[in-house]
Structures are given as structure tokens and as C-alpha cells.
Amino acid sequence: MLPAVRMTEHFGKRLRRLRGERSQKEVAAGIGVPTTTYASLEQQETVPRGPVLQRVCDYFGVVPDYFFPPVKKETSPAREWLREQRSRSFDVAPTIATYSLSQASSEEKEKLDNLIGTRVGKS
Amino acid sequence: MANLKPVPEDLSPDEIAEVLLDEAGTLDVLPTSESNLLEYLGLKQMSFDFGAEPDFIGAAPEISSKLRAVLSVNHRVVATHSKLGAKRSRWGVFHEIAHFILPEHVEKLFLDDDKTLSVWTHNRLEREANSLAAELVFQGNRFTQESADFPLSCQTPLNLAPKYDASFESAVRRYVERHDLLCAVIVYEKCRALADEDFEDEKYKVHYSVTSDPFRRLYFAGVQSNSEFSRGSDIFQVHGVSQIGNIVRTELQVEKQNGGQWVFDSELFTNGYKVFQFVIGPEKQA
């Protein structure tokens, strides 16, 4: 769960940006809330929920996620995978990936591996 | 006794990228440090002029001029072409790092020769590597979140690109692909002029286009030209777009399939090689 301060800050900034040149009064009327309530949202004092949030989203044509920063996912499996990959030994046959404008043939990859191997041997 | 275990299927590229950035100590540190990532993974970076290596160019003349970057898994080396510009070289490094860390890639590349790996699989691996490279350059959702706090304009990725050490092209693509609002970008390439052509009015063709999800749902996923080439004056209808750094505002008309047309506000910008038309929704009312 994100800290409440960050949520209200994020929400307020996004709301202010969406309002653009329109007045707070005009947008508040469009959403159907008092201008003071609308102002408190932009001033990062509170975050709407339920039907009010939905009316805000409908008015600006965005989804609720637009207003909320992403929650960090549980990354343990990814961390474990990365650490394994990092310490993995690759004493295998030449394995080459190329980033090029056309696909390299297996012969070309073998030549590349030799070229790199020669340079590695020299360094 | 079995010595096999399943490749984790549920790892998404954005999770892997975030963990790599974190483990390598460059998460939330901009721009993403290539050397930190390489060092963490135990990879070395080398630079080659593939087109001038006598042994290689003689043996593989076709590919030597087309190579941008190479990953040698067994030597743990990422090699980039020494003649690439700094940003392309940087992208090449992230692309090869992606091959190194994405599940299944190393195994599939081990098998990769013309006979065993289909072009479809090859293309999928390349797409996945590019996608993860973008995650590393733009630090997952960070660029998207940051750019959403600024006005909907091509000025926003233009301003943010240097902070992420990204090209304008990659920044505007990312900006549009991930935006929650209605926007698109159409990228035009200048066509080579023929000897008897009018050099004053350059010719262009649509190279590709990218749309945000909301834009795609409401209007279209991409555009194509009616003709092979179009004159700059017909497409842009304004002068001054050819000056680098100059954003020119104009309208964009797109034909609807069943008659009529959409009209959008748009911004034109060039990086000297391509022209970008940033399209701002919603459509203008007649």
C-alpha cells in the first residue's frame, strides 16, 4: 500500500493537469461536486473514492489507474532468476545473439564468436 | 535423476528489468548506467569495426556492414559496432543484455541456426529484447509517470529524452505507447530524390505509426499512405518543419473507411533524419 501523502500528491497533480485552462468552478460543476471539494482534490488534501472517483474519470475520459501510481510488485521470483542467470556458467558451444539489419547465418555467428574469442584472449 | 527444471513462465520483462536495475544499483538513478548493468551480470563490453576486421569481413561480407551489436554468451561479451552513434550503441548494449537475462533466450540462441530456429521465433526474441531494452532505458514506468505530469505534446518527450539518455525517437514512441490519453505519432522517412525530381519539395513516406491504447480504441491503430511517396507540402501543409528543434503546429486529416474524415491537431518535429507528426486527440469537431 502506498503512503497516503504520495497518493494525494499524485492524484492532485494529475487532476490539475487534466483541467488545463478550464476553471475549477466549471470542472466541479461538470463532475457534480462543490467547487471547494474539487479544490481540495487538486490541493492534494484528499483522494475521492467510489462514485465520485468514477464521475471524475468519466468527465475526463480516463481510467482510475491514471490517477494512482503503480504499486511495486513482489519481485522475489524475478530476483532469484536473475541471480541464477548471473552466476550461471556458460561453458557451452558458441552461443551468439546478433542485433543487425538482417539475420546472421550460423557460419557468420561462428566467425563472430572466433573474432570475439581472439580479442578476449588478447585482453 | 532429473537435472532439468522448468523455466519460470510467469516472469514478466518489466519485473526482470526492475529487479536488474535494483540489483545493479541504478534503479531511480538516471540515466540508466550501462556499465553498472554489465558489471552486475559479469559481462564485458567491447567495440569492433565489424566492417574492417580483415578475418571477419572476408569470411562474412554480407553481415559485416549490417551488424550493430553482438552477444557472445560463452565469452560473456557484448560487442558493439564502433561506428554506431552513442545512443544506438547504448540501445544495442541494452538489447543484448535483454537476450542474456530473458528466460529461454540463451537456450534458443544456442540452437539458433537457419535450420532450427524459425523466423517467427527469431522475430519474437528480437521483439522481446527490444521491449526489455526499453524497460531498462526508461526505468519501467518511471518515464511514463514523469511525462504524464506535463502537457500532452511532443515537447514533453523532447525535454525528457536527455535525462534518460534516450533518442527522441525512442522517447516519443514510449511516450505514446504508454499514454493514458488520446495521442499517436506518425513517423515519416525522407525518400531519396531522383535526379530529375524537384529538390525544393522533398518526398516522404510513412515509416511507421504508434498509437496510445485509448486512441487505438477510439480511432485507428495505424495509418498508411495512399501513394508510395507524398510530397512534403501535401503532407505537412506548412513550412519550417525541416528546421531541427522547431515544433510546427498543423492539422492532420485521416480518411475514415466508410467515408468522411477525422481532423486532429498535430505537431511536427524533425530530428534531421525523420519527421514525426505527433497527433493529439480528441478529433476536432467540424
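Colleague: Why is Arg76(B) called partly exposed?

Modeller: Arg76(B) has 16 other C-beta atoms within 10 Å. A residue is buried if 20 or more other C-beta atoms lie within 10 Å of its own, exposed if 12 or fewer, and partly exposed in between; C-beta atoms are placed from the backbone. The count of 16 falls in between, so Arg76(B) is partly exposed. This is a predicted model, where local features need pLDDT of at least 70, side-chain atom pairs count only at pLDDT 80 or more, and totals for chains, interfaces and linings use all residues. Residues are numbered from 1 along each chain as its sequence is written, while chains are lettered from A and ligands numbered from 1 in the order in which they are written.

Colleague: What makes the phi of Arg76(B) worth a remark?

Modeller: Its phi is near 50 degrees, a positive value, and the residue is not glycine. Most residues other than glycine have a negative phi. Arg76(B) sits in the loop between β2 (67-72) and β3 (77-81) of chain B. Helices (H or I, at least four residues) and strands (E, at least two) are DSSP runs, numbered from the N terminus.

Colleague: Why does Glu104(B) count as partly exposed?

Modeller: Glu104(B) has 13 C-beta neighbours inside 10 Å. Glu104(B) belongs to the loop between α5 (86-101) and α6 (105-110) of chain B.

Colleague: Which peptide bond joins Leu30(B) and Pro31(B)?

Modeller: A cis one, with omega about -10 degrees. Pro31(B) is in the loop between α1 (13-23) and α2 (34-41) of chain B.
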